[in-house]
Amino acid sequence: MRTIYASLRLSLLLMLVCGLFYNMAVTGIAQVIMPERADGSLLQDGEGTIIGSSLIGQLFTDPGYFQSRISSTGYAADASGSTNYAPTHPDLAARVDRSLADWRQANPEVPAGQVPGDLLTQSASGLDPHISPEAAYAQIPRISRLSGIAQDELRALVERHTEGRVLGFLGEPVVWLLPLNLDLDARKEQ
Amino acid sequence: MLIYTYAAIAVPFLLVLLLVRPAGWYLAKAFDYNPTGLDRLFGPLERLIYRIGGHPRHNQTWRDYAVSLVLVNTVMLMLAYLVFRLQGQLPLNAAGLPGMRPDLAFHTAVSFITGSNLQHYSGESGLSYLSQMMAVVFLMFAAPATSLAAAMACIRALADKPLGNFYVDLVRALTRVLLPAAFVLALVFVALGTPQTLEPAVTAQTVDSGTQTIARGPVGSFVAIKMLGTNGGGFFGANSAHPYENPGALSNLLQIVLMLLIPAAIPLAYGRMTGHARHGRVLFIAMGLLLLLLVGALLAAEHAGNPALQALGLQQEQGSMEGKENRFGVAQSAVYTAVTTASETGAVNTMHDTLSPIGGLVALISMLLNTVFGGIGSGFMNVLLYAIVAVFLSGLMVGRTPEFLGKKIEVREMKLIAVTLLITPLLVLVPSAWAVAAHADTISSPGFHGLTQAVYEFASAAANNGSGFEGLADNTRFWNTATGVVMMLGRYVPILLLLAIAASLSVKRLVPQTSGTFRTDTGLFGVVFVAAVLIVGALTFFPVLALGPIAEHLSLWQR
């Protein structure tokens, strides 16, 4: 009985130390020294409205925008995840087949065989903020046709928003979609 | 491009190599019962904890040690269960989430106290901030502290020292290792972009004129102990694939290094504490080479892409991107996957269900072996087990009584080892068969992959890994209860048996080393050790692996 009581006392104490004090201390310090990151790297427009997070991907359905990867949740940032199709799952092939058909319709300039794999597959989180540079270049003919902006100019825009490998060798080069599409908007308004 | 793939492998492993020796030295110091300089540093905090929590003084027998371990873990399990059940009535619940159902609360509490972190809920919609902190983070500290304590007790026994006291070891694991390191790492993760706030989710007006509700929370402090303690449970449903939980290549690198650091340092600490430093290094190198083998196989499999999508006309030059994040790409995802399954962490930056069949096979084998470093403490206890098996097999071959660290291995130890070896196959194969036979409706994939889904879930539970193949409708009474029980047995039975084996060896007289002794600090021993792991560990599962991932691979690539 005495050992049970001792175990309970120690467990409760450790629960407070590891569960409460530790989390609260980190929260307090992080909020003071880096509040912007601690709040989720949120982005605001000129009027102070929150337009998203610099880390979280968004859904772009307007064909005039560079479009994001497929997401079964539609980029719901309160329900991350994907449908988890195994490589042999028949529904995966069916879904990709549908996506390719949609692609052909929206992008007659680019043959379906030249679509980079990341664009028409789901990311793990369903919130991927990036596409590959190739996936951005493949969309340029469509956006040029719809917006009247020259392909060379769009190409330069994509290059400007391409982030290289971290420290030159880690990860993959990616295009961050949100600022790219914001810049595209700004260019269209000119 | 190949050079970047090599960098993806080389950089984390070189960092681990750089850090592992000081870490091993530190672990040996931290758990030394003789006075050390660390007492001055951590003494005040520990004395405060002892004053409030009760002061344990004496050395325990292995039975007392085991009873204390199980008792404390049971109490912690019940505390967490209560928090999960009652979270609807407790504060810090901005989203107004209700309490968990009994079977899910049981499963979740067991999952975290056993260091498995299998999750049948989604963080965003399943747990309040209070539950994430007071229950999940608390257990993420307690579980690795428990298994680290048990491993240290085993090592002491093998070093012919008194076993020690569980309460002291538990507190030291927290005050000297996990809490200070996690505290610093949490701030590093926030600096890399992980949120750390108690504010509720925020709604954004997106660019393409829609709205997006962005879940956040105290994620940085959560991720630090999740990785450092080889826990692996996600704050969010998508775990370390979520951009908040793993914002970029740097955080990904840090997470890989953290998953390996303590598990890789323990064999070196063991060598130091037993006075067989070379023997510890041989084990470390043997496991390191096994891990490289697994990483290589996984990388090759994922780079090959998916021939079924290629046939439809979708480019596969990036490798298989379904279920992967662009910021990691195939290389960083494959290395992460191999490390998370080998170290029994279970964090995922890739959806494992979407791995190529061979990729899934490698992940499955890493978990089933449970000796390629393995989780903190419990993995190393398995390594000791296989080291003894290796010595025993060599002894059989030359017809001599096998000795391990100068102690004779006899009938009693081998009986206990045989029982321990049978646990994993029993815990994986029997319930998998049951699931496939009676609960096939919860398995989402048809064909060979469906079998792999069930086997993966129980392998993950039995090895206390916690990564999910998902794709299972697993939040049901059957899956919650079955995997809950498997996790408990998979955790505590080996710990208790290993304590018994170590204690049984510790009372024996030291046999002087002669020219006939099979030495455990040579390359030859390393080879026998790896052979023992592969023959005993992997062959058991070969039939089921042939029916699952191997058959799936053949069917995918034959067209």
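Trainee: How do helix 15 of chain B and helix 16 of chain B lie to each other, oblique or roughly parallel?
Mentor: They count as oblique. Angles under 35 degrees are roughly parallel, over 145 roughly antiparallel, 65 to 115 roughly perpendicular, and the rest oblique. One caution: this is a predicted model, where local features need pLDDT of at least 70 and side-chain atom pairs count only at pLDDT 80 or more, while totals for chains, interfaces and linings use all residues. Residues are numbered from 1 along each chain as its sequence is written, chains are lettered from A and ligands numbered from 1 in the order in which they are written, and side-chain values use heavy atoms, leaving out hydrogens and water.

Trainee: What angle do helix 15 and helix 16 of chain B pack at?
Mentor: About 140°, with the axes of helix 15 (residues 411-438) and helix 16 (residues 448-462) of chain B 9 Å apart. Axes are lines fitted to C-alpha atoms, for helices over the stretch in contact, with angles from 0 to 180 degrees between N-to-C directions. Helices here are DSSP runs (H or I, at least four residues), numbered from the N terminus.

Trainee: And which residues make that contact?
Mentor: From helix 15 of chain B they include B:Leu427, B:Pro431 and B:Ala435, and from helix 16 of chain B they include B:Leu451, B:Val455 and B:Phe458. Contact means heavy atoms within 4.5 Å.

Trainee: What about helix 3 of chain B and helix 6 of chain B, at what angle do they cross?
Mentor: Roughly 170°, and the axes of helix 3 (residues 62-86) and helix 6 of chain B come within 10 Å. Those two helices of chain B are therefore roughly antiparallel. Among the residues that meet are B:Tyr65, B:Leu69 and B:Met76 in helix 3 of chain B, and B:Ala135, B:Phe138 and B:Ala142 in helix 6 of chain B.

Trainee: New topic. How many residues are in the largest nonpolar core?
Mentor: It has 204, and B:Leu27, B:Phe141, B:Phe404 and B:Phe529 have the most contacts inside it. Such a core is a set of buried Ala, Val, Leu, Ile, Met, Phe, Trp, Tyr and Cys residues joined through side-chain atoms within 4.5 Å. Buried means under 20% relative accessible area, exposed over 50%, partly exposed in between (1.4 Å probe, protein chains only).

Trainee: Which helix gives the most to this core?
Mentor: Helix 6 (residues 129-158) of chain B, with 22 residues. Domain 1 (2-37) and domain 2 (41-189) of chain A both contribute residues too, so the core lies between them. Those bounds come from an automatic or database domain assignment.

Trainee: What does B:Phe141 touch?
Mentor: Leaving out residues up to four places away in sequence, its partners include A:Cys18, A:Tyr22, B:Leu174 and B:Ile225. Apart from this core lies another, of 31 residues, among them A:Leu119 and B:Leu314.

Trainee: Is B:Phe373 buried or exposed?
Mentor: Buried, at a relative accessible area of 4%. B:Phe373 sits in the loop between helix 13 (357-369) and helix 14 (378-398) of chain B, and has a positive phi of about 75° without being a glycine.

Trainee: What is the phi of B:Asp160?
Mentor: Near 65°, also a positive value in a residue other than glycine. B:Asp160 counts as partly exposed, at 39% relative accessibility.

Trainee: Last one: where is A:Arg95?
Mentor: A:Arg95 is in helix 3 (residues 90-106) of chain A, and is buried at 9% relative accessible area.
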